[in-house]
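Walk through this model one region at a time. Keep the sequence beside the coordinates as you read.

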Amino acid sequence: MSDKKCTFTLDGKEITSQPGQTIMEACDDAGIHIPRLCDVEGLRHQGSCRVCTVKVNGCTTSSCTQPAEEGLVVESETEEIINLRRDVVRMLFHEGNHLCPICEASGNCELQATAYDLGITQPTKFPYLQPVRSLDASHPDIALDTNRCIRCGRCIRASQDVDDKGIFGYTGRGIHRNVAVNGDNLADTNASLEDVAFSPEICPVGCIIRKKVGFSTPIGKREFDDPMPEGNGKQKNIKPTAQKKRIATTSLAGCFGCHMSLLDIDERVLDLMKVAEFDRSPLNDIKKFTTRCDIGLIEGGCCNEENVHVLQEFRKNCDILVAVGQCAIMGGLPVMRNAIMHSDDPLKDCFDEAYINSPYIQNDRHRIPDDPALPLILDSVYSTVDVVKVDYQIPGCPPSGDMLWQTLSALIAGEPESLPKELIKYD
């Protein structure tokens, strides 16, 4: 690193760095934010997450480890770099089990906030791996849900370098690398709530959980809750078209909450009726397509053969297919059953857990329902994009009425769907 001040350019703007600073540190001092996940103030830089990647003199590198030097030409907010960061963050979502609607860290999660910041609404470019990882609740004050771990290493560096304990470390290699503790479980270590490694600012996601304080901050007051501007989404009017658009909707494996959210467009439904009419939909109880539709709204994922048939029918009869909500996009809550289905007979695992072994059910006959009228259960729960081509995705559990209104307004007007960042929510 340079031992004197130097000047470099970031996206054409001159930045002056202090002696010994990295590019990221110099940008922070200049009030320019570069997204990051493995880097946090107070810990040595690691450069492993690559979310802070920039281009320096034409070569990509992590800005948290690259020393600032005189005359460097740094690119950060280019389309190429932003798309690279999006792909890195998308892979983190797909590699672990990040179910935002039930995660204690939702709203205070740096991974989630980074995705918002990058405008990620299409997270299905990569397959969901849905790994089965350990949940360690042995410690009286702390729990570890490694399903949410993104291997940023912040807890490792904090425990080794600050706490001088070395409670955490990596095991395995490549995609099988995981964070483990130096004992059979956390209770066997000398972990303490007073350790910096367990302070709220160290774990960027919901892996390290402090017991007895979960969900203590209401929605709207969490760290990354951006207050929605008053009237956001309500100012946009649907542009009339020469002929009314036809909309079809359905609910697959899920809770029907997204349809309830559709009703939250409230009085704007009167404007919607002027330019569109519903075909097959539970909203009007039409159970079969009467004609080809312009827009199909799908909520829920596929857990049985009937879900697959309905989804294929919508793809066949709708010009534009929209996956609405977390269950349609990544399986949502139903996909949690995939975590108990990693054996040679996954369906038996699922049925045994649901009807025989669950502590929450009384089944004196120990019989699993097998009526032929019941649709066949799939070996796993699948998102809509695992089954058919989907044109647009609207995240959220459920998406807000304003978010649905904005999307419908754009699609009916023939405009590209473009959601303001304030409306994008994963929980």
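Buried means under 20% relative accessible area, exposed means over 50%, and partly exposed lies in between (1.4 Å probe, protein chains only). Just past the helix, Gly 119 adopts a positive phi of about 70°.

This is a predicted model, in which local features need pLDDT of at least 70, side-chain atom pairs count only at pLDDT 80 or more, and totals for chains, interfaces and linings use all residues. Residues are numbered from 1 along each chain as its sequence is written, and side-chain values use heavy atoms, with hydrogens and water left out. The predictor's confidence in each residue, pLDDT, runs from 0 to 100. Its mean over the protein is 89, and 94% of the residues reach 70 or more. Residues 228–234 stay under 50. For that stretch the model has 14 contacts beyond four places in sequence. A contact means heavy atoms within 4.5 Å.

Now step back to the loop between helix 2 (79–95) and helix 3 (110–117), where Ile 102 is found. Ile 102 is partly exposed, at 33% relative accessible area. Together with Leu 333 and Met 336, Ile 102 makes a nonpolar surface patch of about 240 Å². Patches take residues with over 30% relative accessible area and no salt bridge, joining like charges within 9 Å and nonpolar side chains (Val, Leu, Ile, Met, Phe, Trp, Tyr) within 5 Å. A salt bridge is a side-chain nitrogen of Lys or Arg within 4 Å of a carboxyl oxygen of Asp or Glu. Accessible areas come from the Shrake-Rupley method with a 1.4 Å probe; for residues, only the protein chains shown count as cover.

How many disulfides does the structure hold? It holds 0. A disulfide needs a pair of cysteine sulfur atoms within 2.5 Å. The sulfur of Cys 6 has its closest cysteine sulfur in Cys 27, 11 Å away, so the two are too far apart for a bond. Cys 6 is buried, at 3% relative accessible area. Cys 103 is in no disulfide either, and its nearest cysteine sulfur, that of Cys 109, is 6.1 Å away. Cys 103 also counts as buried, at 9%.

Finally, turn to Ile 208 in strand 10 (residues 208–210). Ile 208 is buried, at 13% relative accessibility. Beyond four places in sequence, its contacts include Ile 142, Leu 144, Phe 168 and Phe 198.

Terms used
Helices (H or I, at least four residues) and strands (E, at least two) are DSSP runs, numbered from the N terminus.
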